[in-house]
Amino acid sequence: MMDKIVDPKDFDYHGPALDTVFETYQELRGKCPVGHSEKHGGFWFLTRNEDIFAAEQDPATFAVSPSMLMPAFGTDVPLIPIDIDPPEHTDYRRVLLPLFTPRAVAKLNDGMHETARKLAEAVAEGEVVDASALFARPMPTIIFSRLAGFPEKDWPMFDQWIDDIIYERTDNPERAYKAGSEVMDYFDELLKSREGMPKQDDLIEILTTAEVNGRKLTHDELLSYCYLLFLAGLDTTAWAIRSSLWYLAQNPVAQKQLREDRTLIPAAVEEFLRTLSPVQGMARTCQKDTVVSGQEIKEGDRVVLVFGAGNRDPEAYTDPDEILIDRPNNRHLAFGAGIHRCLGSNLGRQEVVVALEEFLGVVDEFSLAEQDQAWHGVGPLMLKIGG
Ligand code: HEM
């Protein structure tokens, strides 16, 4: 553990704070499992697995409105369904269910393998390569954009928008809002361009034909869905693929095991999701005075469920900071646990599994080309390929 002292009021789970966030969790857990940070306008943080799970089961107290995204994702429009509370949430969420059933995801399997294999072949050709730019980022962009109906000619614009909205929002909110309005304009145009077009088997079709409460979705609602899915579907999965490769690059034994026995990959992916969670925390707003682990929290206070800390809680896991690729009974919080539990979890985890299967099948033994590369985010991951 690094020698540092964390003041709860400075606690953050974004940007450079992530470099040492696991040590921070260890320290905070000992002194204040529920604490108050002054960052981002002030918020309580819950770090215990049990407390996070309980808050997830109680959406009447821990509501998502005005937004679970803190700071905002480049817009102040509530994003559907992530920022919608019951009772409306149920109907809005139901609209998306057909897209993400295990059967719908299974249909994508062949395309996923083919895409991952092609991308991995480009990685295999190099000696020192950026596996994030060549593999981890394009894979979810291609898979989800096809499913969603986002035209291929537009894909090259996506990474910069995601970087500006998700990664610049803490230090550079103007840039995030500027990119956010470009993305809204983009989807506005895309939706208009689909009017009167023949039926297609994709997300846009599902959204434009869906009904909530016996009426069609409004144009603003359609925009909100597209915006959210664009951000939720690409970045998280790219992070999960990149962080899995980051770990394997430093752990030749685990890399060899997975290479030799691909059936171990699904369990390994769950362990990477638990320990290197792409979503470290999501916010709620308290609807009434409450008490969590002895700490009073007032109505109106923001509360962050720190999934990344709950996922490494020693009360919930043996040797929580150890990455054990065959950890049994690995119930984690990487996708949340309540009514807002990730709708894309089947798709996301399948993409990561297929990505690793193909990468390990096509690319020779690999290691980190530079030390001290961040475990988090979707920035470059420089790998050295070959023994
Ligand atoms: C490994 C990849 C992914 C991770 C780790 C992840 C994680 C999460 C988390 C933590 C939440 C919030 C849960 C809560 O606050 O209770 C969430 C919600 C959501 N995610 Fe994911 N996600 C991933 C991939 C995806 C994909 C691929 C899609 C869709 C294309 C997606 C769509 C959604 C949606 C629509 C919600 C909101 C559900 C609701 O409000 O009812 N996610 N995700």
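Some housekeeping. Because the model is predicted, local features need pLDDT of at least 70 and side-chain atom pairs count only at pLDDT 80 or more, while totals for chains, interfaces and linings use all residues. Numbering starts from 1 along each chain, as its sequence is written.

Overall fold. The chain has 15 helices and 12 strands. Both are DSSP runs, numbered from the N terminus: helices are H or I with at least four residues, strands are E with at least two. The radius of gyration is 21 Å, close to the 21 Å that the globule rule gives for 387 residues, so the chain is as compact as a globular protein of that length. That radius is taken over C-alpha atoms, and the globule rule is 2.2 Å times the number of residues to the power 0.38. Along the principal axes, the C-alpha trace spans about 60 × 60 × 40 Å.

Burial next. Of the 387 residues, 43% are buried. Buried here means 20 or more other C-beta atoms within 10 Å of the residue's own; exposed means 12 or fewer; partly exposed is in between; C-beta atoms are placed from the backbone. Now contacts, meaning two residues whose C-beta atoms, placed from the backbone, lie within 7 Å. Among contacts with a separation of 6 or more, 72% link residues 24 or more positions apart.

Now the sheet. What is the strand order in the open sheet of five strands? The order is β1-β2-β10-β7-β3, and the pairing is mixed. Two strands pair if DSSP finds at least two bridges between them. The edges are β1 (34-37) and β3 (62-63), each pairing on one side only.

Let's walk across. β1 and β2 pair antiparallel over four bridges. Histidine 36 has tryptophan 44 in β2 as its bridge partner. The two strands, β1 and β2, form a hairpin with five residues between them. In that turn, histidine 40 has a positive phi of about 50 degrees.

β2 covers residues 43-46 and is covered on both faces. Phe43 and Phe45 sit on one side, Trp44 and Leu46 on the other, and all are buried. In a regular strand, side chains alternate between the two faces of the sheet.

On to β10, residues 302-305. It runs parallel to β2, with three bridges joining them. β10 and β7 run antiparallel, joined by four bridges. Alanine 283 stands opposite valine 304 in β10.

β7 is residues 282-286, and two bridges join it to β3, antiparallel. Phenylalanine 62 stands opposite cysteine 286 in β7. Four of the five residues of β7 are buried, so it is mostly covered.

Next, the ligand. Which residues of the shell are closest to the ligand? They are Gly233, Gly336, Cys342, Gly344 and Gly348, out of 27 residues that surround the ligand. A residue counts as near if its C-beta atom, placed from the backbone, lies within 6 Å. The shell divides into 16 nonpolar, eight polar and three charged residues. Ala, Val, Leu, Ile, Met, Phe, Trp, Tyr, Cys and Pro count as nonpolar; Asp, Glu, Lys and Arg as charged; the others, Gly among them, as polar.

Two helices, α11 (219-250) and α15 (345-362), each supply at least two shell residues. α11 gives the largest share, six residues.

In α11, 26 of the 32 residues are buried, so the helix is largely enclosed by the rest of the structure.

Last, two single residues. Is tyrosine 317 buried or exposed? Tyrosine 317 is buried, with 21 other C-beta atoms within 10 Å. Tyrosine 317 lies in the loop between α14 (307-310) and α15. Arginine 103 is in helix α4, residues 102-107. Arginine 103 counts as exposed, with 9 C-beta neighbours inside 10 Å. Between arginine 103 and threonine 318 there are 34 Å in space, C-alpha to C-alpha, and 215 residues in sequence.
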